Amino acid sequence: MKRSWRALLVNPWIYDFAAYNLWSEPTGLLEVGAYLLGMGYEVSLLDCLDRRHPDLRAYRIREDRFGCGHFLKTVVPKPDCVGHVPRRFGRYGLPLDTVRRELAATPPPDIILVTSGMTYWYPGVHFAIALLRQSFPGVPVVLGGIYATLCADHARRHSGADYVLPGDWKATLPALLAGLNLRPSDAPMPRYPAHHLRRNQGFAAVTTSRGCPYRCTYCASRLLNPAGYVPRPVDDVVGEIAYIVQDLQIPDIAFYDDALLVHSAEHLERILDGIMARGIRCRFHTPNGIHARGMTEALAHTMKQAGFETIRIGLETVSEATLQATGAKTSADEFARAVGCLKRAGFTGRQVGAYILAGLVGQTFREVMDTIAFVHSLGVTAHVSRFAPIQGTVEWERWVRAGLIAPDADPLLQNHVLPFPPGAPLTEAEYQAAVLAAREGNARLRAHSDVSK
Ligand code: SF4
């Protein structure tokens, strides 16, 4: 009898100056895993970012009560184009020996599928593919994910993969497998990712929808999801959360939607009602940022009842002019109203925070500081992110026209850890001052009794 086909899924290392796991999970790769399992494949996962691997016990890597934490860092040489950055560059994730041992113990697969995250993490992808080629010569290697979508030409030229599949894998992988005579039968698309392929990390990531109806000038959502906002069926999401919490005993769930609150009366509220009706108890987090515009008193109360713990709202700036120029996804008034709804529903100032962008073309230091002060005046925390342009976005073009980045710049230069270049809207000193102001204000809020209200 012919044996099953075998697939090896690979979640590669992160190469960066800093990395922290904020509930990230390779959900696209696990969705591919569910699809292959549905066709009768034997599927295994090499997860270079497995923070609970037994080999890491000796390193005592801490995690917080919601499952977030650092990765093991192995210092590696800095690539030339970021050689000027006065920080140590590293490979984050499992020790190399551990990965080599795991590969040696893996039966030879018929196909290898590698995912990719941030564009500037590509050295980890390339290194993983080189290792896979040594371990399994002749086995086709397929690369998908964010880097493969946003920098497809770079990935085709440099990654070493046999096939680079940009965009939604559902549109390309079935035909590729058929072409390789590796599709034993037509299989339905999976209802949700095979989270059980991954060792329990204490959390899982769920997306209830793909894409976003807005078109912010700095955001890659439309490049990654050209169809815009597409919600998943409510029953599929409720079923996925039941499987995660009740079957896999995972207590924390991060929603990674781009637009979690869009059409919430027909979508998120029905999902949360379904979860509560089934008696599912878990904690929810929104690290991707939610839209202030979508918040209502009723939704805030339902979110509180359902177990939301961490709420981040994408404000970006308090300047109406900048908000209008970058996509008009919210306003300062809408943000204040959303915070009011959440506080009246019982969320504390610690649980609610605002994302603020610093360094957009046209922004001033005063604007960033005013935004931080505005957020703190509402009794919630401020989280400042350094703006770094993403290839293909409107803001990328603005940076190119302003001479702040070369049109053919290495993807490593899209890293938001890098200092601002000379001529950027903010100086590095101003950015550091803004980060400090946010931190100090957050600390004052946490120390102040009002933060619990
Ligand atoms: S609203 Fe958020 S996800 Fe949507 S385009 Fe703007 S930044 Fe991106």
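Predicted model: local features only at pLDDT ≥ 70, side-chain atom pairs only at ≥ 80, totals over all residues.

Three strands make up an open sheet in the order β2-β7-β6, and their pairing is antiparallel. Its edge strands are β2, residues 14–16, and β6, residues 73–75, each of which pairs on one side only. From one strand to the next, the twist averages 25°. Between β6 and strand β7, which covers residues 90–92, there are three bridges, and the two run antiparallel.

In what order do the six strands of the open sheet come? The order is β11-β14-β15-β16-β17-β18, and here the pairing is parallel. At the edges stand β11, residues 203–206, and β18, residues 381–386; each has a single partner strand, so one side of each has no neighbour in the sheet. The twist in this sheet averages 20° from one strand to the next.

Four bridges connect β11 with β14, and the two strands run parallel. F203 is opposite D252 in β14. On the next step, three bridges connect β14, residues 252–255, with β15, residues 283–290, again running parallel. Here D252 is opposite R283 in β15, and A254 is opposite H285 in β15.

As a reminder, side chains in a regular strand alternate between the two faces of the sheet. Which residues of β14 point which way? D252 and A254 point one way, I253 and F255 point the other way, and all of them are buried.

Next, the helices over this sheet. Helix α12, residues 332–344, lies across β16, residues 308–316, and β17, residues 352–358, and runs at about 170° to β16. Helix α15, residues 428–447, lies across β17 and β18, at about 160° to β18.

Helix α15 also has a helix partner. Two packed helices are described by the angle between their axes and the distance between the axes. For α13, residues 365–377, packed with α15, the angle is about 10° and the axes are 10 Å apart. Angles under 35 degrees count as roughly parallel, and α13 and α15 are therefore roughly parallel to each other. On the α13 side, the residues in contact are F365, V368, M369, I372 and H376; they meet E430, A433, A434, A437, A438, G441, N442 and L445 in α15. By type, the residues of this contact divide into nine nonpolar, three polar and one charged.

Last, the cores. How many residues does the largest nonpolar core have? It has 67, and those with the most contacts inside it are I241, F284, M295, M303, F308, I313 and F335. The helix that gives the most to this core is α8, residues 234–247, with eight residues. Take I241 as an example: leaving out residues up to four places away in sequence, I241 touches V206, Q246, I253, F255, I271, I275, I280 and F284.

I am happy to go back to any part of it.

Definitions and conventions
Residues numbered from 1 in each chain as written. Heavy atoms only, no water. Core = buried A, V, L, I, M, F, W, Y, C linked by side-chain atoms within 4.5 Å. Buried < 20%, exposed > 50% of the residue type's maximum accessible area, 1.4 Å probe, protein only. Contact = heavy atoms within 4.5 Å. Pairing = 2+ DSSP bridges. Axes fitted to C-alpha atoms, helices over the stretch in contact; angles between N-to-C directions. Parallel < 35°, antiparallel > 145°, perpendicular 65-115°, else oblique. Nonpolar A, V, L, I, M, F, W, Y, C, P; charged D, E, K, R; others polar.
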